[in-house]
Protein chains: 4
Amino acid sequence: MSKVKDVLENLREKIQIHNPRIVNLLSEFYATALLLFFGIGVVCQFVLSHEKLNTWINVNVGWGFALGLCVLLTSKTSGGHMNPAVSLLMVTLKRLSWTDFFLYCIVQTLGAFVGSALAYVVYLDKIAEYSHGLKLVSGANATAGLFTSFPGAHLSNCGAFIDQVAGTAVLTTCVAGIIDKRNGVPGWVHPILFGVTLITIGNSFGMNLGYPINPARDLGPRIFAYLIGYGGEVFSFHNYYFWIPVIAPLIGGLIGAWTYILLVGSHIPDPDKHVVAEKDEELQALG
Amino acid sequence: MSKVKDVLENLREKIQIHNPRIVNLLSEFYATALLLFFGIGVVCQFVLSHEKLNTWINVNVGWGFALGLCVLLTSKTSGGHMNPAVSLLMVTLKRLSWTDFFLYCIVQTLGAFVGSALAYVVYLDKIAEYSHGLKLVSGANATAGLFTSFPGAHLSNCGAFIDQVAGTAVLTTCVAGIIDKRNGVPGWVHPILFGVTLITIGNSFGMNLGYPINPARDLGPRIFAYLIGYGGEVFSFHNYYFWIPVIAPLIGGLIGAWTYILLVGSHIPDPDKHVVAEKDEELQALG
Amino acid sequence: MSKVKDVLENLREKIQIHNPRIVNLLSEFYATALLLFFGIGVVCQFVLSHEKLNTWINVNVGWGFALGLCVLLTSKTSGGHMNPAVSLLMVTLKRLSWTDFFLYCIVQTLGAFVGSALAYVVYLDKIAEYSHGLKLVSGANATAGLFTSFPGAHLSNCGAFIDQVAGTAVLTTCVAGIIDKRNGVPGWVHPILFGVTLITIGNSFGMNLGYPINPARDLGPRIFAYLIGYGGEVFSFHNYYFWIPVIAPLIGGLIGAWTYILLVGSHIPDPDKHVVAEKDEELQALG
Amino acid sequence: MSKVKDVLENLREKIQIHNPRIVNLLSEFYATALLLFFGIGVVCQFVLSHEKLNTWINVNVGWGFALGLCVLLTSKTSGGHMNPAVSLLMVTLKRLSWTDFFLYCIVQTLGAFVGSALAYVVYLDKIAEYSHGLKLVSGANATAGLFTSFPGAHLSNCGAFIDQVAGTAVLTTCVAGIIDKRNGVPGWVHPILFGVTLITIGNSFGMNLGYPINPARDLGPRIFAYLIGYGGEVFSFHNYYFWIPVIAPLIGGLIGAWTYILLVGSHIPDPDKHVVAEKDEELQALG
């Protein structure tokens, strides 16, 4: 057991980065890349197997657990935002500076780009078979939707905007409630509940656009799709829809969390009023 | 870290409502609105995608996790009943006064109304496409079922009544067992297990009516459907079925919890008989 | 809060049964009835909706979570065996006397009977629609399979016996590992992991017979089906198969748990060898 | 309660093996056999029911929970690697000697062989019905895929190699993050999160080959299939593909975990910087 510590602790002594900003940027890049590696893989299985080797519940569970695991891995460094909408919320909570916010946005988008590229490599053969070698944004063998969101014919851009505001609002609503110390959820449970939240959003607000609700998750892979040959249509499609999942989540993210804070979080009674009862419960919890 | 506390703690100092009744009513309204926002979204995905972009497991998981998250967010204020059947149970347990019960019923129903309305806005385009602009209670393109329950042809109103008594009874059975301090479940786990309970009910008593088992959840959105133009049929359908999911859950809720209390909960041996063994386990639990 | 205690604590003072055997028998009856109420409901949704309003994952999740919740509710009284195979294991572990074992078997079977009857009432209308009023054990509109297991044509009774030994063996294998104090799983997590175990069995050993793996669960509803008019065929079908899910689980239950105990459980190193490291982890766990 | 301890503790005194290597090898054999018993059962239900009595989500959940339970049962002895790729990682972390690594590989492969054989026995009748008694590696009634992986026509061996590196890399990435003490996940939660990780991999990197990502899991059952008469084609198929899921996971396993260690794990700030805040949270966690 002592030997174990030696390997990792010795390494740590040699390579540990002590600048918190660099550590956090590295973590945001890493976490977002891992999230998209998982997530684009999930979408590929759903689409390329013709919705057989992933059905919709797999898509929800896959993205949800991937999010939970990625947050867990970076929970003690940057906290695993992986989403500019979450980072912007943290700015308004003064947990993050504006400078950090812009840097986070960049590395998150870059991470999403890299994660998508890696997943693309894993499914290269299968994509080639499915698309007959074509790189189409819409139509029967279209595969641009593997990477980023494209609205269906039924949805107006106004509806898309509302959808993205709504989806991100419920995300940050739950995030704000889960991390509220007064709700008493142990720290190690937070990532799991973030995953549960995303699963629930996929079950409730996933039909219109596939719940990107994350500017980095949507834009990074869109740029990747553009660069590998899907053409300018990835941006111009549906009357330049592409900016909606970039801007709307930032607004929704603030609405959701702050509504919770204003209507519920700020009014939780102080626990000292129930100290005896709480102690009682604490002992039970250990029983 | 200190700055973080400042933002939220400063805000709290300024806006905290100290009247517990107002805090609790606000929380019940908020939680029920959020629950229905999620939940109507879940049903919309199930119906409007022709049971493809949500299958039944998604419906169960979506409602279950939504319930769990909504309880969690309001667990330290009102406790997140969101359901008059649960509130009535709390009256019989003397955790809630009759006055509070009636006020809870009102804000829960109002919350359900508002949550449904918000989900309706998100799926406006998709509903229009599915219903061809019609607002029908029954038939091929009917969409009133997105909001509230309507029995199938096979089910008598007597069967519907039994179904709602049964479904709510198992709900409060599990709630009573989970919150029973002698069962030793930590407080932060309760909301998650309430969600698990609802998933299980959706798997076992969801076929007849879609398990409303909640007067506010059923009546609020029914009124909403009436107001947006589905007509009086939302009330008169199936020989005025609408009152069944309002009244039956109140009865079922009492039967379930009190059966548990009378047959099991009241007979759990006092832990002091096993103190040494318990302490042992406690240490293991921390290991 | 003090008022709350009054209601339940006052009641408890008046009605608490202090004879442990009666408390435990009551709990076993209650838990098994609740389990079958949930479980037969789950099967009804699966069969009567033509595998649409429950798919196989719903069946697994429904039974698994139902088991977990029923164990939780009776975890501090009888422990929630609900299964003679588990009770027999407890006899060999000297946690239960032979007298108690026989009494447990009776009340478990009785509970399973009552739970099935209650679920039958809930789905009366739907069963009538599906079966066209017939009570058949086999064929297109057969509904005896709603209550108890019947082997498919491909399965020999020898294969059925092996299947039931195997399924129950993995059940008690996991039960033995979960409750082994040296594995350090907190007590309140046990019921949840029992549920997870049953889900896993439904995913792996559910195809041949639908994983009864419980004499009470299989025999109680079979007697119920006989009494409500399905006839002697519920016993004579497939060359008197009915005794297999009664006897085989008792054998499998012993094989599974004792294999774990002999091969793994008895050899877990005593924790005092790693005290320092453990303490370290304990603190982290609380972090 | 005292009697209980007597049975198991008395047995333990008599049979406990004190040689850690033998205990660990026994545990690795046992855990891998149990994992494959569950897992091959899961695949059998998926294939033999024509993807009805297990859909893809059942496959993911079944394998994931089976892994979690098997790790849990052996978490205090060998740790439940069940996978040479994980064991090799432990060698590089100096938690395991090279000698132990080779012995682990042997007993893991042997365990996988035995577990497959046992599952085969359970599904003998059903396999006979499905395969019409034939033992084919490819084609309409092929059943060799019940035991081990075979690539589809679309996949090159190069793509297969990348797939296995990728899948195992994300597995050990998450394992490394979950067991990192600085991430503060309690020990009893680790097995559950390993299961969640495997579910997520099944949702994201399961389409190409069915995510063996484990040399023992793939090779042991392949040898079994060879011995029971599927012929040399189990090795020669697809230009001798069989070595890829043996070698690629060893490489991927190192890449994943070490990338996490180098980019995130080594840079987690020491908790002493936030001691006050942590203590606060600790108390909440117990609340």
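Predicted model: local features only at pLDDT ≥ 70, side-chain atom pairs only at ≥ 80, totals over all residues.
Local features need pLDDT of at least 70 and side-chain atom pairs count only at pLDDT 80 or more, while totals for chains, interfaces and linings use all residues.

For chain A, an unreviewed UniProt entry lists "transmembrane region" at residues 29-48, 55-74, 101-124, 161-179, 191-211 and 240-263; such annotations may be inferred rather than shown by experiment. Two of these stretches can be set against the model. Residues 55-74 come out as 90% helix and 0% strand, with 29 Å between the end C-alpha atoms. Residues 101-124 are 96% helix, again with 0% strand, and their end C-alpha atoms lie 34 Å apart.

Turning to the pair of chains D and C, 57 residues of chain D are in contact (heavy atoms within 4.5 Å) with 59 residues of chain C. Together the two chains bury about 5200 Å², 68% of it on carbon and sulfur atoms; this is the accessible area (1.4 Å probe) lost on being put together, summed over both parts.

Two salt bridges (a side-chain nitrogen of Lys or Arg within 4 Å of a carboxyl oxygen of Asp or Glu) cross this interface. One of them joins D:Arg12 to C:Asp270, with the closest N and O atoms 2.9 Å apart.

Notes
Residues numbered from 1 in each chain as written. Chains lettered and ligands numbered in written order. Heavy atoms only, no water. Helix = DSSP H or I, 4+ residues; strand = E, 2+ residues; numbered from the N terminus.
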